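Let's look at a protein together and ask how we know what we say about it. Keep the view open while you read.

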Amino acid sequence: MVASLLACFALLGLCATAELVPCPGQVQSDFESVQSKIDRGLSAVSADTCACNIASYYVTPGYYKINESSPEVKCNRGSYCPYNMSQPTFCCPGYVCSENTIQLQSCGEGYFCPPQSIEKIKCNDLTVCEERTTEQEKYGVILLVFFFFLFFFVFATLFSHFTELRDANFQRAIKTASAKRYRELDELKGNGGQSDLKISTTDVKDSKNATGPDAQPTFTIDFKELEYTLPDGLTIMQGVSGRFGVGRLCAVMGPSGAGKSTLFNLITGKAKRTNGQLYINHKPEELFKYKRLIGFVPQDDVMLRDMTVTDVLTFSARRRLPSTYTSKQCEEVVAKIVAELEIGHVAESIIGDERKRGISGGQRKRVNIGMELVAKPSLLFLDEPTTGLDASTALDLCQTLKRLCRKDSLTAAAIIHSPSPKTFATFDDFCLLGKGGRMIYFGPVTEAYDYFALLGFSCPSESNPADFYLEVSLGKVQSSDARLRDMHWSALFTLWHAHEEAKDAHPSDKALYLEAMSKAFDAVGNSTNTRIKDKTKVAEEAKKIAAAAANEEKAKCCHPKCRRCWTTFTKSLYTFYKHAVYDTYMYWFAKGDGVCPELGMYLFNILTCGCVLKPTRRLPPVYVIFWLCLKRAFKQVYGNIWDFMQEQVLHVGLGLFLAASANQLVYIGRVEPDVCEVLAPAQMRGPCTQPIRDGYTGTANFMCFAIGFAGIAVGSTTFGAEKTVFYRHVSTGLDVVPYFFAKIVNDLPRMFIASVIVTFLMQAQFYSVGDTGKILGVTIGLYWTSFSQGYFLSTIVDYMSVPLWGVVFTMFWCLIFSGINIRLTERSNQPGFVQLLFQMSPPRWAIEAFYINEMSFYADYLDISARLSYFQYSLDNYNIDIGAMFYIGLFWQGASLMLLKLVGRNRMK
């Protein structure tokens with residue numbers, strides 16, 4: 001625009017003394033092309049048109065003279081001043097000018113010459129340059145990208161072949177384990193079908209004598225008078241007692257709100273009980289110290305859905321089995337569990353989800369249980385393992401669990417809803433909770449019928465016992481005993497308490513037991529009758545008390561609303577204290593599970609190499625966990641070649657968009673100051689001091705935005721897509737640090753591959769005069785920081801919404817703190833935190849690195865100091881820029897690691 005304006009002024013002001021003509025020295029075809037543009041008018045003439053203002057007066061070659069009376073001015077390098085020049089002309093595109101600006105030489109084949117060239121630039125080996133070209137035809141770059149993808153395809157094929165060989169070996173191990181299992185079942189059938197192992201309490205090992213690193217103690221769990229009150233004062237469990245025995249499978253049932261999950265949380269230590277005592281093998285202890293020996297199967301099938309059954313179970317086994325187990329031993333354990341759960345035929349199938357078909361729901365439920373069984377736990381809790389399964393599958397699953405309890409001396413308890421009669425009969429013990437978290441029954445399944453029949457609730461032969469007992473707990477069944485016919489369902493708690501007292505008092509005398517229970521029936525019946533008779537009287541008394549309270553309120557306060565406002569204020573103040581002060585303090589400093597004590601214990605364990613704090617089971621060392629996580633992550637990302645290729649489509653499209661935006665990107669310097677001073681109007685003298693064409697900063701800023709958005713979108717899946725799986729693994733002892741660094745290391749090839757694709761595709765239309773390797777360095781730096789920002793965002797928001805947040809996050813850095821819209825020279829006037837944000841902005845450093853890489857070429861023969869000062873850039877800052885992006889990426893990764901440890905801590909217990 002500036003050149004056209006100056007040409008216009010030249011023609012208007014100097015028409016009698018100068019003429020715009022094609023520059024001499026061009027080949028005939030270029031000469032004719034320039035002449036045709038001049039003939040069409042000034043609108044067709046641009047800064048890269050090889051046209052000269054030839055004066056009617058004499059001017060020494062190598063100089064220009066604006067008018068006949070002005071002095072001659074020497075032309076600067078990069079200009080073309082053959083003879084009688086009233087204005088200097090930029091050296092023509094496709095040509096190279098001599099140092100003295102007098103001679104014009106055609107750019108030969110194999111070279112390219114952008115405007116203002118004083119030397120030819122040799123084309124790369126993968127490009128084609130015809131004579132007098134200003135750009136490289138980079139067909140070889142596309143060929144290089146093709147071979148890059150071909151290499152990766154071959155690599156992925158070989159990896160798949162290796163995986164198939166491993167799977168074949170594992171299938172043989174499964175067949176061996178299955179054959180052994182069938183032989184054991186045949187032997188049991190030959191013994192009359194007595195498959196249940198007889199285990200008494202005398203066979204239970206003492207936990208204190210079985211806490212070595214590789215010990216496998218058995219647990220009998222006794223809980224007495226458990227109570228749990230919420231911070232708002234609501235009690236949701238009270239007076240619950242029972243026992244989970246070794247080799248026994250207990251069914252926990254109850255209506256919604258009965259506290260079934262709360263019971264498991266109180267026993268395992270995930271929630272702190274308000275009152276009550278826990279006994280492990282008849283000694284008061286807590287289960288949290290045996291965390292590595294406890295398995296918990298969540299209600300949802302929480303596992304990586306793009307992995308195979310073998311991958312999921314093997315990772316769990318290798319990570320949680322004692323460190324003394326070899327790879328072969330771990331494989332044997334997995335093969336045994338696969339055979340026991342009867343999922344060998346789908347061992348090499350992916351888990352699957354709504355998008356990609358995999359194994360069935362029942363098989364997925366078995367894998368969910370298998371993830372805990374392969375760790376060889378001593379205690380297993382299951383949250384609704386039969387939900388969503390048909391009756392036959394549920395029965396089969398429960399029979400398998402019971403068999404494993406007998407075989408491996410496992411203590412197990414399962415929350416279960418509406419089991420079939422056969423499934424219900426599979427359980428050894430039955431725990432029935434009522435609303436409000438009170439015990440209605442706990443004991444052997446076989447004794448439940450007699451107990452409820454004693455209360456007058458005889459289960460009809462055509463009814464499902466489990467459903468019948470649940471209806472009893474809800475008060476939907478009327479007792480046949482006249483004394484209990486009108487009782488409220490909450491009286492079942494009192495009757496169970498009376499049953500326990502009578503049983504403890506008369507363990508062997510049934511007559512005395514029945515007499516004690518009869519007295520309890522009478523007491524419940526009398527209280528029920530009294531409650532019915534006095535119902536009206538109680539209501540009237542309540543009204544009187546309310547009226548008296550209202551009168552007292554009026555007497556105490558002249559304003560009826562004052563006391564209510566004061567009560568509300570004090571409650572609000574307490575709530576603020578509870579949540580803002582107390583809860584915050586407990587979150588950070590609570591003994592045992594506070595952030596600071598936990599961190600201190602973790603660091604102490606690292607410094608002492610785990611020699612002081614003896615764990616109940618010594619797990620594999622950190623480097624083994626790192627390797628396991630890295631292998632799993634590698635297969636997740638690179639195992640399926642087609643899924644990986646689909647991810648690369650994003651980067652291919654990004655590279656093509658950048659190539660289009662960088663098409664014919666070239667730097668053309670400023671007009672000579674004397675020409676601006678004479679010919680430009682006052683309003684145009686400011687723009688006249690700037691380069692005619694300099695799109696490097698705009699292209700670099702667009703590249704920062706595009707790569708920032710793409711990197712955040714892809715990087716967010718690294719942790720965000722498996723956050724629930726991560727919580728489950730951490731709750732079973734996964735160390736966050738090796739897991740985190742394994743995922744980062746696994747992403748490094750993704751960053752590099754994406755950077756190569758974007759850089760080389762961008763080079764297809766970008767006529768770079770700088771170092772391509774340095775552009776690749778800038779691209780790698782941008783992907784490094786954007787992936788790290790994606791990690792950070794995925795830890796604080798749902799990863800499905802991270803791409804949207806990524807757009808806002810990237811625009812924040814690119815539009816405000818890139819150093820383009822608000823230049824670095826202006827930041828000294830900003831507050832300190834704003835200047836810090838400039839330092840934390842990846843685009844601020846990436847744009848400078850990209851810009852100085854290109855401008856280094858022009859610095860040899862053009863004066864670009866004004867342009868560098870305009871942006872406050874330095875040609876020596878490339879390494880500083882790359883280093884700054886590296887440290888910015890480390891900062892976001894450190895923040896991500898911290899948030900992984902802090903966010904969702906309750907789900908990691």
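Q: How much space lies in the second largest cavity?

A: About 50 Å³ of space lies in the second largest cavity. This is a predicted model, in which local features need pLDDT of at least 70, side-chain atom pairs count only at pLDDT 80 or more, and totals for chains, interfaces and linings use all residues. Residues are numbered from 1 along each chain as its sequence is written, and side-chain values use heavy atoms, with hydrogens and water left out.

Q: What makes a space a cavity?

A: On a 1 Å grid over the protein atoms alone, a cavity is a set of points where a 1.4 Å probe fits but cannot get out. Grid points are joined across faces, edges and corners, and the volume is the space filled by probe spheres set on the points. The structure holds four cavities of 30 Å³ or more.

Q: Which residues line the second largest cavity?

A: Lining residues have an atom within 4 Å of a point. For the second largest cavity they are M303, L304, M307, D311, V312, F315, M371, R632, V725 and H729. Helix α5 (309-320) gives the most, with three residues; helices here are DSSP runs (H or I, at least four residues), numbered from the N terminus.

Q: How do the residues of that lining divide into nonpolar, polar and charged?

A: There are seven nonpolar, one polar and two charged residues in the lining of the second largest cavity. Ala, Val, Leu, Ile, Met, Phe, Trp, Tyr, Cys and Pro count as nonpolar, Asp, Glu, Lys and Arg as charged, and the others, Gly among them, as polar.

Q: How much space lies in the largest cavity, and which element gives the most to its lining?

A: The largest cavity has about 80 Å³ of space. α24 gives the most to its lining, with four residues. That lining has six nonpolar, five polar and no charged residues.

Q: Why is α17 called oblique to α23?

A: Helix α17 (residues 622-638) and helix α23 (residues 736-763) pack at an angle of about 40 degrees, with their axes 8 Å apart. Angles under 35 degrees count as roughly parallel, over 145 as roughly antiparallel, 65 to 115 as roughly perpendicular and the rest as oblique. Therefore α17 is oblique to α23. The axes are lines fitted to C-alpha atoms over the stretch in contact (heavy atoms within 4.5 Å), and angles run from 0 to 180 degrees between N-to-C directions.

Note on methods. 1 Å grid on protein atoms, 1.4 Å probe; cavity = no way out; pocket = protein on both sides within 12 Å on 5 of 7 lines; lining within 4 Å. Helix = DSSP H or I, 4+ residues; strand = E, 2+ residues; numbered from the N terminus.
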